[in-house]
Structures are given as structure tokens and as C-alpha cells.
Amino acid sequence: MNALGQAALWSLVVVPAVAGALLALARRAERMAVPASLAVATVSVVLSVVAAAARPSVSVPFLAGARFGLTVDGLAAVVLPMLTVVTLLVLLAAAGEVHHSRARFHGLMLLFAAAVALTATAATLPTLLFAWEIMGAASYALIGFWWRDDDRVSAGLTAFLTTRGADLGLYVATGAALAGGAGLALVDLPATSAGWRHLVAAGIIVAALGKAAQLPVSFWLSRAMAGPSSVSALLHSAAMVAMGGYLLLRVQPLLAATSWAGPATMWVGAVTALLLGAVALAQHDLKQLLAASTSAQLGFVVLAAGAGAVTGGVAHLVAHAATKALLFLAAGAWLTALGTKQLAGLRGVVARWRLVGWSASVGALALAGIPPLSLWATKDVILTQALDQSPWLYAVGLAASALSAAYAGKVLVIIWRRVPANKQSDVDAHRNGEQKGSGRMSRLEQAPLVLLTVGAGYAGLLTLPPLGTTVAAAVGRPGEVHTSVLELAVSGAIALAVVVTVARRPVPQPRWALRWLGLENAAHVLVVRPTQRCAEALARFDDRVLDRTVTGLAGVLLRLAQQVGPFDDRVLDRAVELAATSTVHAAGRAGRVDDRWLDGAVEAFAAGMRRLGQLARRPQSGQLHQYYRQAVVVLVIGVVVLVVWG
């Protein structure tokens with residue numbers, strides 16, 4: 001089983017990544033793109049279930065002192081099946097929405113899904129960084145998928161650069177973890193030395209809040225709505241935005257190991273849930289409303305991570321994924337059919353497409369927190385643990401929950417309220433305003449809504465007994481889920497009262513929140529414009545100082561070369577010629593000395609040695625009496641020498 005689980009874990013990442021790359025690069029795969037992507041997504045669902053059941057861990061050498069590791073812990077076991085199922089349903093709906101460049105679209109979606117699966121299972125910081133970067137790059141390509149539209153490309157660039165700036169925190173955290181000596185495994189981060197631990201926590205929080213579209217960088221999510229609705233349904237429900245909150249849940253022990261990280265995270269999440277709830281209430285565009293509500297609902301997940309409510313946070317993540325994917329796909333279906341996503345053009349739309357209308361209604365009621373639907377229970381579990389931390393924090397969270405009911409009720413009223421005959425022309429004037437509506441919906445667009453409706457309705461059971469106890473034990477938090485019937489009743493009553501109030505009277509429009517709190521303008525004033533001015537100043541310095549210096553130096557060298565040229569011709573070349581002539585003469589003299597003296601001396605020495613050889617041969621006649629005579633002569637000479645010198 002362990003070997004099967006490890007194979008399933010590797011395949012869960014590799015199969016969609018390879019298939020996605022092949023589809024994205026293929027030029028003639030339009031016909032097979034949809035069947036291939038749906039087949040791969042179906043296989044991924046099976047693989048995620050196997051991996052969740054087996055809980056495998058795998059790793060391979062990657063860098064010196066760091067391994068490329070993946071693991072399926074309790075959190076990943078809950079999130080992975082949700083991710084793969086939502087991906088499959090979104091790809092199914094996209095088959096009815098995206099009709100051009102299908103191969104590239106489905107390839108990018110599969111690549112993105114593979115990166116998110118790798119993010120969810122990353123066991124070490126190098127693995128997380130690898131997945132984080134691919135996820136960000138794929139999201140940029142998907143948001144700006146219709147690249148011929150400059151506004152959409154600009155929106156993708158804004159989303160990419162904003163999140164990319166926050167991603168630098170993850171690199172800071174990795175460097176601090178190395179310096180802290182505890183290692184790069186996520187489970188080892190709380191053991192980092194005290195000084196470096198704070199930097200690790202700060203870096204991860206910044207990166208996670210950026211991906212989760214929390215304050216103060218929430219505005220990038222508004223721009224991301226320029227992408228196809230199916231992209232929004234995946235990226236901003238179960239995938240990239242959700243991964244920011246998921247990462248904070250994964251490193252909750254690290255947040256708890258510092259004195260400030262937990263409280264700071266809680267308050268950022270609570271304030272985001274409150275203020276972005278007001279932003280959602282002020283919107284006139286359905287996708288913009290859903291985008292703001294995504295930031296607000298992820299604020300509850302961030303709040304849960306800071307408060308230590310891991311079980312409630314992961315349950316809210318799953319319930320929000322089903323709910324928001326459902327609502328984004330419904331918005332995309334209406335945009336395709338009616339040519340608008342403006343709320344003014346969607347009045348009474350339920351009567352025309354009942355399946356989509358009823359499904360979206362269930363999603364809106366779940367978003368409002370109406371019992372017994374999913375987000376009612378998950379939000380309440382989080383708020384209960386927030387109350388243990390601070391009553392003020394609980395009050396902010398409860399106010400944010402009421403705002404959720406207000407903006408969800410606003411959607412319900414608009415799509416259900418019938419249009420009087422004398423007002424029909426006003427509604428029609430808003431339709432076909434953004435694109436030409438087809439006037440129909442395909443079954444591929446409607447079929448996924450049924451399953452997502454079930455998820456939006458029943459995902460809250462993840463926090464209620466007995467399933468809630470099982471989930472708490474699975475994520476390593478046994479006994480964490482505790483909430484009273486009274487608290488559930490109070491939160492449900494507040495949500496119901498708000499929805500009824502919204503249905504009876506017009507919703508107040510907080511105009512100050514219409515433009516997303518002016519966050520994008522603030523970013524331009526505080527970051528973009530100073531950066532541009534700095535770049536312009538550096539460009540002027542380059543043109544006026546550096547370029548002039550280089551040009552002037554080049555001119556000096558050119559003039560010097562021009563002056564050196566005649567000197568070279570007249571003096572240096574003449575000196576070289578004279579040196580060459582002298583060398584030739586010297587070589588001639590040396591040659592004559594060699595011929596006359598050296599060769600003669602060698603020949604004379606050879607002749608002398610030849611004569612000595614001839615003299616030495618003469619006594620060698622072979623006659624014995626001559627050898628005796630020579631011996632006597634040598635003996636006499638020896639005696640004389642001894643006598644004379646002795």
C-alpha cells in the first residue's frame with residue numbers, strides 16, 4: 001500500500017504536468033484537448049483519493065542539504081480530493097465556455113493544477129518554492145489568456161507582479177531557515193533558533209497573505225477577474241488564493257512558536273473579512289462581488305490559522321471552494337448566455353435557466369451562512385475559537401459574517417426578483433454590453449453545478465459531529481472542534497435576519513468601498529510611481545553621465561589612435577625593419593663561423609681519433625711472441641717509473 005501511495009503521489013503531480021505541457025505546446029491538438037484534459041483530471045481524482053488514503057511521503061536529493069520532498073499529511077489528505085474534483089468540474093464547464101485555443105487553455109489549466117497539488121503536498125521549502133513559482137507563472141498566463149486584449153494582459157501582469165512581490169517573503173524565510181540551523185523541512189521550522197524564527201515566520205506570512213489576497217494587496221484579485229470565468233472558478237476558489245490560507249494552516253505550529261505571528265495573522269484575517277465584505281456589498285459587477293467575497297472568506301481561514309483553529313480553517317477552505325466554484329461558474333454561464341455579468345442585467349435570471357439559478361441560489365445561501373448549509377458551521381467553529389482569543393476579535397468576525405449574509409442576499413434578491421414589464425427594457429440595455437450573448441447554455445456548463453451544489457450544501461459536516469471529530473483527529477487536532485448549539489443558532493439567526501432585511505429593503509451602498517478601498521491607487525502612489533521615477537532618474541543618469549562618459553572616452557581613444565598611427569608608420573615600423581635586417585646579418589655571420597670554425601674543429605678531432613685507432617690496431621697481430629715483447633716493454637717502463645718517482 002505504501003508503494004502504491006508513493007506512486008500515486010508522484011503521478012498526481014507528474015501526469016497533469018506532462019499532459020499540460022504537451023497540450024500547451026501542441027499546435028494541432030484542438031479536437032483532442034478537451035477529452036485528454038478531462039481524462040487526465042479524472043485520473044487525478046483517483047490518484048488523490050489513493051494518496052489521501054495511503055498518506056505517503058517521498059523525497060529525492062535536490063540541493064546540498066535540502067531534499068525535494070512531498071508528503072500527504074492530514075491537511076493534504078482533506079484538501080487534495082477537493083482540489084482534483086473541483087479541477088475536473090471546472091474543466092468540464094470550460095469545455096462549453098472556451099472555444100478557441102482549447103489546447104493551450106486546457107494545457108495551462110493542467111499545469112496549474114499540477115503546481116497546486118505540488119504546493120499542497122510540499123514537505124520542504126525548496127519544493128514549496130518550486131511549486132509556488134510555477135503556480136504564479138501559470139496564473140499569469142491564464143488570467144491574460146485572451147492576450148489580444150491589452151486590458152486582460154495588463155490585469156494578469158498586475159496580479160503576477162503583486163503576488164510576486166509578496167513571494168519574496170518565501171525566499172527570505174528560506175534563507176532565515178538555513179541560517180537558523182533547523183533545516184528546510186516545514187515541520188522543522190518551529191525549531192529554528194529564536195532570532196531567525198521570527199524572520200522565517202514573517203517571510204511566510206507575507207508570501208501567504210499575498211497569495212490569499214489579504215490586505216493590503218487584495219486589489220490584485222479584482223484585476224484577475226479579467227480572465228475567463230472558468231479560470232476564476234479554479235484559481236480563486238480551490239487553488240491559488242486558497243493555497244495562501246492553506247500554507248498558514250500548514251505552518252500553524254510556527255505561528256504559535258512566536259509571540260506575535262499568531263495575533264498578527266488573526267487580526268489581518270479578521271479585518272480583511274470585514275473590509276472586503278464591505279467592498280463586496282458595494283459592487284455592481286457579479287464577478288467583482290465574488291472576488292471581494294473570496295478575499296473576505298479567505299480572511300476567515302487566515303483568522304483560523306492565527307487562532308489555532310486548524311480543523312475549522314481546513315473545513316472552511318473546502319466548503320468555500322465548492323461554494324465559490326459554483327458561483328463563478330454560474331456567473332460565467334450567464335455571461336456566455338446574456339453577454340453581461342452586471343447585476344443590473346441579471347435581474348430575474350432564475351426564471352430563464354432554473355438549474356443554474358437554483359444552484360447559484362444554494363451557493364449564495366451557503367455564502368450567507370444560512371443553516372444548515374456549509375459555511376454556516378465552518379465560520380462558527382472559527383469564530384468560537386476567536387472568542388477564546390479576544391472578544392473584540394470575535395466581534396469583528398461576527399460583523400464580517402453579517403456582511404457575508406448582506407452581499408449574498410443582494411445576489412439572491414437580484415437573480416430572483418421578477419422584472420416588471422415597464423422595467424424590462426432597462427434590464428435588456430445592460431445585456432450584450434460586455435460581449436455578444438449566445439442566448440443559450442450548454443449542458444457542459446450546467447452539469448458541474450449539480451455536484452458543486454451538493455458540496456456547497458453539505459461540506460459543513462466536516463466540522464459537525466461525528467465527521468468533525470474524525471477530521472480533527474486526521475489533521476492532528478483531536479478535540480479541537482467545539483461549539484455550542486446556542487452559538488450555531490445565534491450566528492444562523494443573524495445571517496437569516498440580514499438576508500430577510502436585504503430582501504425587504506434596498507441594500508445600502510458603501511461608495512467608499514466601491515473601488516476596493518483605493519488600494520490599487522495607493523499602490524500606484526506608494527510603489528509604482530516612485531519606482532518609475534527612480535527608473536527614469538537612473539535612465540537620465542545613464543544617458544547624461546554614463547553614456548557621455550563612455551562616448552567621451554571612446555573619442556579620446558580614437559584621437560589617440562589617430563595620433564599614434566603616423567608615429568607607428570614612421571618610427572615603429574622603421575625600427576622593426578632595422579631590427580629584422582640586423583637579425584639577418586647576425587644570422588649570416590653566425591652561419592659562417594659555424595661552417596669555418598666549429599665544423600673544422602669537429603672534423604680535425606675526428607681525424608685524430610681515427611689515427612689513434614690505427615696505431616692501436618697495429619700491436620693486435622695475433623702472434624704470441626709479440627704480446628710477450630709488449631708485456632716486457634710495459635714492465636720495464638713501470639720499473640723505470642717506480643725508480644725515478646720512488
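**Ground rules**

I number residues from 1 along each chain as its sequence is written, and I work with side-chain values from heavy atoms, leaving out hydrogens and water. Since the model is predicted, local features need pLDDT of at least 70 and side-chain atom pairs count only at pLDDT 80 or more, while totals for chains, interfaces and linings use all residues.

**Entry 1: the cores**

I began with the inside. A nonpolar core here is a set of buried Ala, Val, Leu, Ile, Met, Phe, Trp, Tyr and Cys residues joined through side-chain atoms within 4.5 Å. I take buried as under 20% relative accessible area, exposed as over 50%, and partly exposed as in between, with a 1.4 Å probe and protein chains only. The largest core holds 171 residues, and Phe112, Ile204 and Trp334 have the most contacts inside it. Which helix gives the most to this core? It is α14 (residues 310-338), with 18 residues. Helices (H or I, at least four residues) and strands (E, at least two) are DSSP runs, numbered from the N terminus.

A second, separate core has 15 residues, Ala273, Ala307, Ile382 and Leu393 among them.

I then looked up the surroundings of phenylalanine 112. Setting aside neighbours within four places in sequence, I find Phe112 in contact (heavy atoms within 4.5 Å) with Met135, Ala138, Ser139, Leu142, Leu234, Leu235, Ala239 and Met240.

**Entry 2: helix α10 and a glutamine**

Met240 turns up again in α10 (residues 240-250), where it is buried along with Val241, Ala242, Met243, Gly244, Gly245, Tyr246, Leu247, Leu248, Leu249 and Arg250. With 11 of its 11 residues buried, α10 is largely enclosed by the rest of the structure.

I also checked glutamine 446, in helix α19 (residues 443-458). Is Gln446 buried or exposed? Its relative accessibility is 16%, so I count it as buried. Beyond the neighbours within four places in sequence, Gln446 touches Leu355, Val356 and Met441.

**Entry 3: a nonpolar patch**

Phe62, Leu63, Phe130 and Ile134 make a nonpolar patch of about 360 Å². Patches take residues with over 30% relative accessible area and no salt bridge; like charges are joined within 9 Å, and nonpolar side chains (Val, Leu, Ile, Met, Phe, Trp, Tyr) within 5 Å. The areas come from the Shrake-Rupley method with a 1.4 Å probe, and for residues only the protein chains shown count as cover. Strand β1 (57-63) and helix α5 (125-143) are the elements that give two or more residues to the patch. Leu63 belongs to β1 and is exposed, at 52% relative accessible area.

**Entry 4: aromatic pairs**

How many aromatic pairs does the structure hold? I have six. Rings of Phe, Tyr and Trp (its six-membered ring) pair if their centres lie within 6.5 Å; planes under 30 degrees apart are stacked, over 60 edge-to-face, and the rest tilted.

The rings of Phe68 and Phe130 have centres 5.7 Å apart and planes at 80°, so I log them as edge-to-face. Phe68 sits in strand β2 (residues 66-71) and Phe130 in α5, 62 residues apart. Phe68 is buried at 11%, whereas Phe130 is partly exposed at 41%. Together with Phe62 they form one aromatic cluster.

Trp358 and Trp416 also pair edge-to-face, at 5.0 Å between centres and 85° between planes. Trp358 is in α15 (residues 354-368) and Trp416 in α17 (residues 391-416), so this pair ties together parts 58 residues apart in sequence. Trp416 is partly exposed at 35%.

**Entry 5: salt bridges**

A salt bridge is a side-chain nitrogen of Lys or Arg within 4 Å of a carboxyl oxygen of Asp or Glu; the count comes to six. I looked up three of them.

- Glu133 bridges to Arg164, with the closest N and O atoms 3.1 Å apart. Glu133 lies in α5 and Arg164 in α6 (residues 150-180), 31 residues apart. Glu133 is partly exposed at 22%, as is Arg164 at 25%.
- Arg223 meets Glu520 at 2.9 Å, N to O. Arg223 is in α8 (residues 219-223) and Glu520 in α22 (residues 519-617), so the pair ties together parts 297 residues apart in sequence.
- Lys341 bridges to Asp285 at 3.6 Å between the closest N and O atoms. Lys341 is in the loop between α14 and α15, and Asp285 in the loop between α12 (261-282) and α13 (286-307). Lys341 is buried at 15%, and Asp285 is buried at 9%.
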